[in-house]
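Let's walk through this fold together, one stop at a time. Keep the sequence and the 3D view open side by side as you read.

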Amino acid sequence: QLLGPTLLAFGTEAQKQRFLPGIKLGRELWCQGYSEPNAGSDLANVQTRAERDAATGEWVITGQKTWTSLAQGAAWCFVVCRTNAAPRHKGISYLLVPMRQPGVSIRPIEQMTGTSEFNEVFFDGARTAGDNLVGDEGGGWKVAMATLGFERGASTLGQQLAFANELREIFAVARR
């Protein structure tokens, strides 16, 4: 799961204690709430908003994500959203949001193959605890970029190992 390394780098101790065991054991499936219909993969242009409820301290999320892989089976989503009016990268926060609650709707995107592992996710007043903010409020850009870096690292692990093996062979030949 991409969230594990992100929590290790940016999460609070309470977040690590709460979420890492479920990630490690595969008990809680997560999905990624980044892309939006009018922003695509331009995360600095996200329109999904989260505001603090002064009475409860919870975050209230409103907006839409698209191309969300396996959202229909996920228990949680890490959501990049706008939490203040700061320009582009500075007003973004990274929230952990439960998927099975009122205010979260999932619509499958059917592909030509007839499968639908991608989804649109609609947040209409969905809530998450105030302490489900990863990193600083408005500092979510850095957290989101780190998550993408972890994703790229995992996807290129095979290439990295192959390169390391080739490098060892080159050194072995050079020593002869």
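Val143 is buried, because its relative accessibility is 1% (buried means under 20% relative accessible area, exposed over 50%, and partly exposed in between, with a 1.4 Å probe and protein chains only). You will find Val143 in helix H3, which covers residues 140–155; helices (H or I, at least four residues) and strands (E, at least two) are DSSP runs, numbered from the N terminus. Leaving aside residues up to four places away in sequence, Val143 touches Thr6, Phe10, Tyr94, Val134 and Gly135, where a contact means heavy atoms within 4.5 Å. Val143 and Ser93 lie 50 residues apart along the chain, and their C-alpha atoms are separated by 8.4 Å.

A word on what you are looking at: this is a predicted model, in which local features need pLDDT of at least 70 and side-chain atom pairs count only at pLDDT 80 or more, while totals for chains, interfaces and linings use all residues. Residues are numbered from 1 along each chain as its sequence is written, and side-chain values use heavy atoms, with hydrogens and water left out.

Now step back to the whole chain. It holds four helices and eight strands, and along the sequence they follow the pattern α-α-β-β-β-β-β-β-β-β-α-α. Of its 176 residues, 38% count as buried. Among the contacts with a separation of 6 or more, 65% come from residues 24 or more positions apart.

Next, the nonpolar interior. A nonpolar core here is a set of buried Ala, Val, Leu, Ile, Met, Phe, Trp, Tyr and Cys residues joined through side-chain atoms within 4.5 Å. The largest one has 19 residues, and Leu3, Trp30, Tyr34, Tyr94 and Leu96 touch the most other members. Two or more residues of this core come from each of helix H1 (3–10), helix H2 (13–25), strand S4 (76–82), strand S5 (92–98) and H3. A second, separate core has 17 residues, including Ala50, Trp59, Phe123 and Leu133.

Let's turn to a pair of helices. Two packed helices are described by the angle between their axes and the distance between the axes. For H1 and H2, the angle is about 160° and the axes are 10 Å apart; axes are lines fitted to C-alpha atoms, for helices over the stretch in contact, and angles run from 0 to 180 degrees between N-to-C directions. H1 and H2 are therefore roughly antiparallel to each other, given that angles over 145 degrees count as roughly antiparallel, under 35 as roughly parallel, 65 to 115 as roughly perpendicular and the rest as oblique. On the H1 side, Leu3, Gly4, Leu7 and Leu8 make the contact, and on the H2 side Gln15, Lys16, Phe19, Leu20 and Ile23 do.

Finally, have a look at some loops. Asp136 sits in the loop between strand S8 (133–134) and H3, and counts as exposed because its relative accessibility is 60%. The C-alpha atoms of Asp136 and Phe10 are separated by 9.1 Å, although these residues are 126 apart along the chain.

The loop between strand S3 (59–65) and S4 contains Trp67, and Leu70 is also in the loop between S3 and S4. Trp67 has a phi near 60°, a positive value in a residue other than glycine. For Leu70, phi is near 55°, again positive in a residue other than glycine. Leu70 is partly exposed, because its relative accessible area is 42%.
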